[in-house]
Amino acid sequence: MNTFFSFFTSSIGKKLVVGLSAFFLIGFLSFHLYANLHLYLGREVFNETAHLIHRQLIIPLFSAGLLAIIAFHAFLTLILWAQNRWAKGPGYRVERLSENRPVWTMALTGLLIGCFI
């Protein structure tokens, strides 16, 4: 039990959890896109899909779970970022945005998707 817990408190374990939560969020966005693409099949098909989804009683539970996963994903990502900055030490004071482009584009993309959701 201790080994299992220590794995998920390590940096690699946290990154695995962040990756799995991102995979779940991408799955949600894919399903949302799939349901919205029914609009191009006609009004009746889209309305039927919408009624089928809204008839499910588990939708409010999924909505709360989705919000919790988004918050957990963002929180754990910020923890990993802070631990990474702390582990590197002060370093040089010169940082160019072009050198950290993947980090900034990932953060901006996450914020954009978060605003969309």
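The chain holds five helices and zero strands, where helices are DSSP runs of H or I with at least four residues and strands are E runs of at least two, numbered from the N terminus. This is a predicted model, in which local features need pLDDT of at least 70, side-chain atom pairs count only at pLDDT 80 or more, and totals for chains, interfaces and linings use all residues. Residues are numbered from 1 along each chain as its sequence is written, and side-chain values use heavy atoms, with hydrogens and water left out.

Of the 117 residues in the chain, 11% are buried, that is, under 20% relative accessible area with a 1.4 Å probe, protein chains only. Contacts (heavy atoms within 4.5 Å) between residues at least 6 apart in sequence join residues at least 24 apart in 60% of cases.

Helix 2 (residues 11-36) and helix 4 (residues 59-88) have axes that come within 10 Å and cross at roughly 145 degrees; the axes are lines fitted to C-alpha atoms over the stretch in contact, with angles from 0 to 180 degrees between N-to-C directions. Residues making the contact include Lys14, Phe24 and Phe28 of helix 2 and Phe72, Leu76 and Gln83 of helix 4.

Lys14 is buried, at a relative accessible area of 12%. Its side chain is joined to that of Gln83 by a polar contact of 3.4 Å, the term covering N or O pairs within 3.5 Å in which, within protein, one atom must be able to donate a hydrogen and the other to accept it, and residues adjacent in sequence count only if both atoms are side-chain atoms. Beyond its neighbours within four places in sequence, Lys14 is in contact with Phe8, Thr9, Leu76, Ile79, Leu80 and Gln83.

Definitions and conventions: Buried < 20%, exposed > 50% of the residue type's maximum accessible area, 1.4 Å probe, protein only.
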